[in-house]
Amino acid sequence: MGKNHPNVDPYVVSRVRALESLLLEQGILAPDTVDRVVARYEADTGPLAGARAVARAWLNPDYKALLLSDSHQALKAVGVESYDVLRVKENTPTVHNLVVCTLCSCYPWPVLGLPPTWYKMPAYRSRAVIEPRAVLAEFGLEIGPEREVRVWDSSAELRYMVMPQQPAGTEGMTEEQLTALIPRDALIGVAEVRAPALV
Amino acid sequence: MNGSHDVGGMHGFGPVTIDPDEPLFREPWERTVFGMIRATLPRFYNIDEFRHAIERMGNIDYLDSTYYEHWLACLEILLVEKGVVAAGELDRRARLSAAGVLTVTALAAQAAVTVSHPGGISYWREGTEPRFAVGDAVRARNLHPPGHTRLPRYARGKRGTIAAVHGVMVFPDSNAHGQGEQSQAVYSVRFESAELWGESADGRGAVYLDVWDSYLNPAGEQP
């Protein structure tokens with residue numbers, strides 16, 4: 001995860017084709033296997049399940065309590081089945097949460113999709129634990145000295161998602177409207193949710 | 001192992017590079033590698049063997065390659081070790097492919113290949129009363145195993161507090177090496193930033209790690 005740019009070295013492509021051919025001949029891969037396993041990620045261009053869960057939590061205190069205490073049950077209500085490893089951490093006026101995996105790139109795929117490249121790179125993974133404020137500043141997020149920064153390093157088979165604070169000015173918005181406001185980065189903890197600009 | 005994958009707290013990687021418009025896969029081969037991993041994990045190897053294979057690809061290569069090259073290296077290491085493919089045949093076909101003369105024949109009567117959902121593989125296990133409770137003061141042991149471990153270097157020997165008892169999970173240090181699951185309690189442990197980084201901590205804060213029981217001692221004991 002050191003290099004950022006993808007390798008178009010023909011040697012890499014040749015190795016991939018060689019392995020693919022062997023797995024196809026042995027029936028370990030079917031001709032449509034790759035398309036089928038990536039389809040759900042390629043087709044999933046709509047709002048993230050994680051964003052919907054957070055929007056619902058903002059509107060419904062009972063759902064919020066469930067999401068924070070038993071995400072397995074809470075996620076079923078937004079269409080995510082059999083995902084019993086997520087822990088949701090709530091941002092407050094005194095605490096900001098940030099998610100990382102320093103040892104590899106663990107990430108809550110079923111609620112956030114596949115991770116962005118920066119999440120998988122050593123720059124983010126190395127620095128998020130030792131200088132989270134400096135990293136957040138690079139994302140345009142300034143965390144004042146009065147707030148505590150909690151960094152969740154995903155070292156076991158548990159995954160983390162941040163529940164950002166609901167921005168002022170969004171009272172009265174629907175779940176659909178709120179869901180659309182919540183970017184992936186806010187659920188990792190490198191952004192906050194902003195109210196729509198007044199026209 | 002004390003490898004180049006264990007980057008927490010390191011300096012020198014530069015600023016975070018953010019591309020808000022990146023595609024899901026940046027090259028077609030990355031997509032193929034993704035599919036091959038999903039079709040072979042956990043059928044031929046488990047998640048801990050997967051991570052450890054990436055750690056074994058070599059410190060220099062690890063830092064000089066991309067995420068999906070790590071996955072490719074893992075496939076090559078594990079599928080050869082598990083006897084699924086022969087190293088010589090893999091090399092031979094890579095040369096044919098490079099020369100543009102590799103012909104691929106999928107198995108004729110292809111049965112549907114079922115692929116496990118990544119969230120559908122559970123590492124939770126029953127049993128064993130946890131040794132620690134919420135609020136207990138602990139110290140991460142000063143362990144440097146040459147094999148797979150999930151205790152990052154930056155936490156070793158450091159004092160923390162049990163923030164939650166997650167339950168019992170498969171132990172990666174054994175499961176990565178064919179030594180069984182050796183399941184044990186996993187805790188959320190809070191390490192104060194000042195404990196981890198001293199004067200270099202960048203303000204009020206803490207790092208929470210998920211820690212297996214055998215990585216920990218009571219705080220009063222030596223690491």
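**Figure 1. Secondary structure and overall extent of chain B.** In this predicted model, chain B contains seven helices and six strands. Read from the N terminus, the elements of chain B follow the order α-α-α-α-α-β-β-β-α-β-α-β-β. Along the principal axes, the C-alpha atoms of chain B occupy a box of roughly 65 × 45 × 30 Å.

**Figure 2. The two domains of chain B.** The domain assignment divides chain B into domain 1 (28-120) and domain 2 (124-218). A distance of 31 Å separates the C-alpha centres of domain 1 of chain B and domain 2 of chain B. At their interface, six residues of domain 1 of chain B are in contact with eight residues of domain 2 of chain B.

Figure 3. The size of an interface is often expressed as the accessible area that is lost when the parts come together. Between domain 1 of chain B and domain 2 of chain B, about 610 Å² is buried, and carbon and sulfur atoms give 45% of that area. On the side of domain 1 of chain B, the residues that lose the most area to domain 2 of chain B are B:Asp48, B:Arg51 and B:His52, which together account for 67% of what that side buries. Zero salt bridges are counted between domain 1 of chain B and domain 2 of chain B. Three residue pairs in polar contact are found across this interface, with both residues at pLDDT 80 or more. The side of domain 1 of chain B that touches domain 2 of chain B comprises no nonpolar, two polar and four charged residues.

**Figure 4. The interface between chain B and chain A.** Contacts link 91 residues of chain B with 86 residues of chain A. The two chains bury about 8,000 Å² between them, with 61% of it on carbon and sulfur atoms. Of the area that chain B buries against chain A, 9% is supplied by B:Val16, B:Asp202 and B:Arg204, more than by any other three residues. There are 31 residue pairs in polar contact between chain B and chain A, both residues being at pLDDT 80 or more. Elements of chain B that each supply at least two residues of the side touching chain A include the helices α1 (28-40) and α4 (67-81) and the strands β3 (159-169) and β5 (205-212). Helix α1(B) gives the most to this side of chain B, with eleven residues. By class, the side of chain B that touches chain A has 47 nonpolar, 25 polar and 19 charged residues.

**Figure 5. Salt bridges between chain B and chain A.** Over all chains of the structure, 27 salt bridges are found, and the count between chain B and chain A is seven. In one of the close-up views, A:Glu148 forms a salt bridge with B:Arg190, with the closest N and O atoms 2.8 Å apart. In another, the side chains of B:Arg93 and A:Glu25 meet in a salt bridge with an N to O distance of 2.9 Å. This pair joins two chains, because B:Arg93 lies in helix α5 of chain B and A:Glu25 in helix α1 (residues 10-25) of chain A.

**Figure 6. Strand pairing between the two chains.** Strand β3 (residues 148-153) of chain A is joined to β5(B) by five bridges, and the two strands run parallel. Within this pairing, A:Val149 stands opposite B:Gly205 in β5(B).

**Figure 7. The two domains of chain A.** The domain assignment of chain A gives domain 1 (10-43) and domain 2 (49-188). The C-alpha centres of domain 1 of chain A and domain 2 of chain A are 32 Å apart.

**Figure 8. Backbone details in two loops.** In chain B, the peptide bond that joins B:Leu41 and B:Pro42 is cis, with omega about 10°. B:Pro42 belongs to the loop between α1 and α2 of chain B. In chain A, A:Ser82 has phi near 55°, a positive value in a residue other than glycine. The position of A:Ser82 is in the loop between α5 (71-76) and β1 (86-90) of chain A.

Key. Residues numbered from 1 in each chain as written. Chains lettered and ligands numbered in written order. Predicted model: local features only at pLDDT ≥ 70, side-chain atom pairs only at ≥ 80, totals over all residues. Heavy atoms only, no water. Domains from an automatic or database assignment. Contact = heavy atoms within 4.5 Å. Buried area = accessible area lost by both parts, 1.4 Å probe. Salt bridge = Lys/Arg side-chain N within 4 Å of Asp/Glu carboxyl O. Polar contact = N/O pair within 3.5 Å; in protein donor to acceptor, adjacent residues only side chain to side chain. Nonpolar A, V, L, I, M, F, W, Y, C, P; charged D, E, K, R; others polar. Helix = DSSP H or I, 4+ residues; strand = E, 2+ residues; numbered from the N terminus. Pairing = 2+ DSSP bridges.
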